[in-house]
Amino acid sequence: MLTEQQYVCWCRSLGFTQQTKALLDQIRAAPPARRVGGGRKNVAGRYPSRKMGVTIQFESHSNELAAVLEYENDPDCLEFYDQPHPRLTLEYQAKSGRRVRVRHTADFFVLRRHAAGWVECKTEHDLLSLGARSPARFQQASDGRWHCPPGEQYASQFGLRYELRSSRDINAVYRRNLEFLEDYLRCSTRTVSDRATQALLEVVRTHPGITLAALFRLAEPCGADDVYGLIATAQLYVDLRAVALVEPAGVQVFCNAESARAQDARTREPVPVTAEQRAGVAIAVGQVITWDGKPWEIVNVGASKTGLLGSDGACIELPHATFAALVQTSSITGVVQALAQRDPSVQDRFASASPQHLQEAHRRYEILRPHLAGERIAGGLVPARTGYDWLRKYQRAEALYGNGFLGLLPRTHASGNRTRKLPALTRTLMEDFITNTYETIRQPSRAHVYGALVHACEAQGTPTPSYKTFTREIARRPQYQQTLKRQGARAAYQYEPCYLALEEHTPRHGDRPWHICHIDHTELDIELVCSRTGQNLGRPWYTLMTDAFSRRLLAIFLTFDPPSYRSCMMVLRECVRRHGRFPQSLVVDGGKEFDSLYFDTLLARFECTKKTRPPGKARFGSVCERLFGTSNTQFIHNLAGNTQLTTSVRQVTKAVKPKRHAEWTLAGLYACLCEWAYEVYDTIPHPALGQSPREAFTAGLDQSGYRLHRMVAYDEAFRLWTLPTTPRGTARVVPGKGVKIQHIFYWASALRDPEVEQSQVPVRYDPYDAGTAYAYVRNRWVQCISEHYGTLHGKSEREMLLATAELRRRAQQHTAQFTVTAKKLADFLTSTAGDRFLSTQRARDREAKDVLASMQGASMDAPCPPAGGEAEAPTARVAQTLSVEELAVYEEY
């Protein structure tokens, strides 16, 4: 990002007017004009930009995110802003002729070395549709590029540009490579030693154009991290726009771009093309050619002559020179070329033939083969009349299409009168009643709509279709469209056609471990009890984090409280404790717990891209959904107290009610679930992978690099990052009282400093201990104690919120205004009424502390060593010893 002095010099070098500079100042200083959402089909999100120092919004991970990645890594791009403010005013003539004036927010505003302007990203499909609806606004030039004349006219008055960027212009391979190298591109420190650099450069100098796979083998003991680090820093050259790095066997590595261009020039020397190749003729025995409109089969290729067999049995020999001359003058052509010139439907007829039809045609051909060789048709196999009928069809197809076999294909599927017998009026009425009466949100029955159709046919004097014909017509309609009209989008989603990736894009589950991870929640199908009293506490919520590439369960968390940002924070904390890593991209749903300030701040701090999948589209989170089902079927449904029976609630009797058979506690279930997830599921072959998740994870790291420079230390600083804060992130220091967080004052001796009093300081609080909080004073975090520590210590945020809500509800019966204070909360928490109201929540919190104890006792996974040797765990991976009271837990409220 430019400094203020660099920005002023840049404006002066481009000759911008004061009006343009004022507009640029406003764009650079203003926050985004709006908060983006992905809508029904797009995956939206936020990208942590190191160049800009902020998170950049994108509305589509397949279109706009590609532009963000290019701007982030393009040295010609100095700055870029998402959803720039102020908006543009576009004026143009609508298709109807009416003058239109619209306010428009572009996707980005980009500052380049020699230009600046707005950028709007659209898919090619959308642009074609918009161009048809608004031809004055969206226009396609002769070179295929799209333009927006109203936007270009608006930008020109400031000496700026307006670019309409199509998804067709995205280089999918380059975008894929940028994501693959992102961990190395973000690294500000040198990760490759001098010794490894010299060894790798020497191998590449000796073997210019060596493949990446061969380089891995020859450059031992250097690892994949060293190779990718040199590629990211341009010390080794790979054409990132031509081939994906995840396919090392096809990636050529050079010392520099000049060597690559020289190698490419040598390999692109023109190869001479023979006349036979130009004519599409393959000189081989059995090949059929066309000569003077008549098919001939090559039966012999000798030393000096080529033997041809005609369809009439005639056999001739042509010298090779004569054959080549006929080919060069196009007198002889290949059958494929001849068929294409005569009738393009020939291939369609072959493609539409069923296996049974092809088998029957082959049987007929075997019967006719002796006759085609000059013999008589053998009697007894088929009647002579039938044999001569087949021969006539064979000869006719050979004359028309150059292939007699086509005439032997049965045509029984086209026999008979297949035209519809119902009059056109009846068919029109039937179509109208199905479209406008049956396919409606009222969901009338077929019998009801058929009765109305009968009355309409009788009124118009046209024959009435049978009920069977009517139901068959309904069944012919597309099921997705029909269900969408009758039951809505969510019910029709299961019939929606699957998305087919017909072009080369980043695989939906990523290219390597830690590339794409998912977090989601579900309520487990089991009833739990309190470990102390045996009281039924209900069903727990299960939060998991999985690696999409290997399907490995990275971290799990159980709690009784509904999903919240605290559940998300805890599963991320568990992931860092076990693996010492943050994912590159994290896919979540549109729940409120994933849209909190704390969650976004934590992901941005550790440079993780957040992607939000569309609502009601379960296929976008298929990895998590499948794991939820696997967890239930393989583990939960085999335990006492499981709730499988409640799917048919009317069949559940008192004797088999799951609550009566519940015996598992939260801590016990969590311990066994961890053992199943990390030891059993992790080592069983996965049907989609052909190997276990652990094996796929390790193999992926071996090929893509361990990227140890991206390790995250599980220490007190990281723990504080996972604690929530206030909506503003700060609190005012009140002299003599401290900082106020959620109606409660917290005090520390460091807050007595006169320079600190009355100032706003960053604060964080422990959601599982209302008695403590943290304030950032004098460049360090200070622990603060509540004024009612004895009462609030150990109380969770969930319990405090329930108590606050109950106090407000009781106050509403007496007065319109009520202010919650720390004293009122403390009094309520110690009262008998509070004990009775909060007993269940307190029991759940006690069980949650048992889960924390088991989490603390678990050992952190050792880092996967590179192939061929052991690797020491970096100091960032060493788990810190924390007491249970110090370890914060997060649930939803």
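A disulfide is a pair of cysteine sulfur atoms within 2.5 Å. In general, a disulfide is a covalent bond between the sulfur atoms of two cysteines.

Entry 1: The structure holds zero disulfides. Cys457 is buried at 0% relative accessibility; buried means under 20% relative accessible area, exposed over 50%, and partly exposed in between, with a 1.4 Å probe and protein chains only. Cys187 has 22%, so I wrote it down as partly exposed.

**Ground rules.** Residues are numbered from 1 along each chain as its sequence is written, and side-chain values use heavy atoms, with hydrogens and water left out. As the model is predicted, local features need pLDDT of at least 70 and side-chain atom pairs count only at pLDDT 80 or more, while totals for chains, interfaces and linings use all residues.

Entry 2: I traced an open sheet of seven strands in the order 2-1-24-23-18-21-22. Its pairing is mixed. Strands (E, at least two residues) and helices (H or I, at least four) are DSSP runs, numbered from the N terminus. Two strands pair if DSSP finds at least two bridges between them. Which strands are at the edge? They are strand 2 (55-58) and strand 22 (552-559), and each pairs on one side only. From one strand to the next, the twist averages 20°. Helix 26 (residues 666-680) packs on the sheet and touches strand 21 (541-547) and strand 22. The direction of helix 26 makes about 175° with that of strand 22. For such angles, axes are lines fitted to C-alpha atoms, for helices over the stretch in contact, and the angles run from 0 to 180 degrees between N-to-C directions.

I zoomed in on one pair of strands. Strand 23 (residues 585-588) and strand 24 (residues 609-612) are parallel, with four bridges. Here Leu586 stands opposite Lys610 of strand 24.

**Entry 3: strands 25, 26 and 28.** Strand 25 (residues 730-734) runs antiparallel to strand 28, and three bridges join them. Thr730 has Pro762 in strand 28 as its bridge partner. Strand 25 also pairs with strand 26 (residues 738-741), antiparallel over two bridges. There, Val734 is the bridge partner of Gly738. The hairpin of strand 25 and strand 26 has three residues between the strands. In this hairpin, Gly736 takes a positive phi near 80°.

**Entry 4: Leu751.** Where is Leu751 placed? I found Leu751 in the loop between strand 27 (744-747) and strand 28 (760-765). Is Leu751 buried or exposed? Leu751 is buried, at 1% relative accessible area. Beyond neighbours within four places in sequence, its contacts (heavy atoms within 4.5 Å) include Val733, Gly738, Tyr746 and Cys784.

**Entry 5: rings.** I counted 24 aromatic pairs. Rings of Phe, Tyr and Trp (its six-membered ring) pair if their centres lie within 6.5 Å; planes under 30 degrees apart are stacked, over 60 edge-to-face, and the rest tilted. Tyr714 and Phe718 have ring centres 5.9 Å apart and planes at 50°, so this pair is tilted. Tyr714 is buried at 6%, and Phe718 is buried at 2%. Phe109, Trp118, Tyr154 and Phe158 form one aromatic cluster.

Last, I checked charges over rings (NZ of Lys or CZ of Arg within 6 Å of the ring centre and within 35 degrees of the ring normal). Arg241 has its charged end over the ring of Tyr174, 3.9 Å from the centre. Arg605 lies over the face of Phe606, at 4.6 Å from the ring centre.
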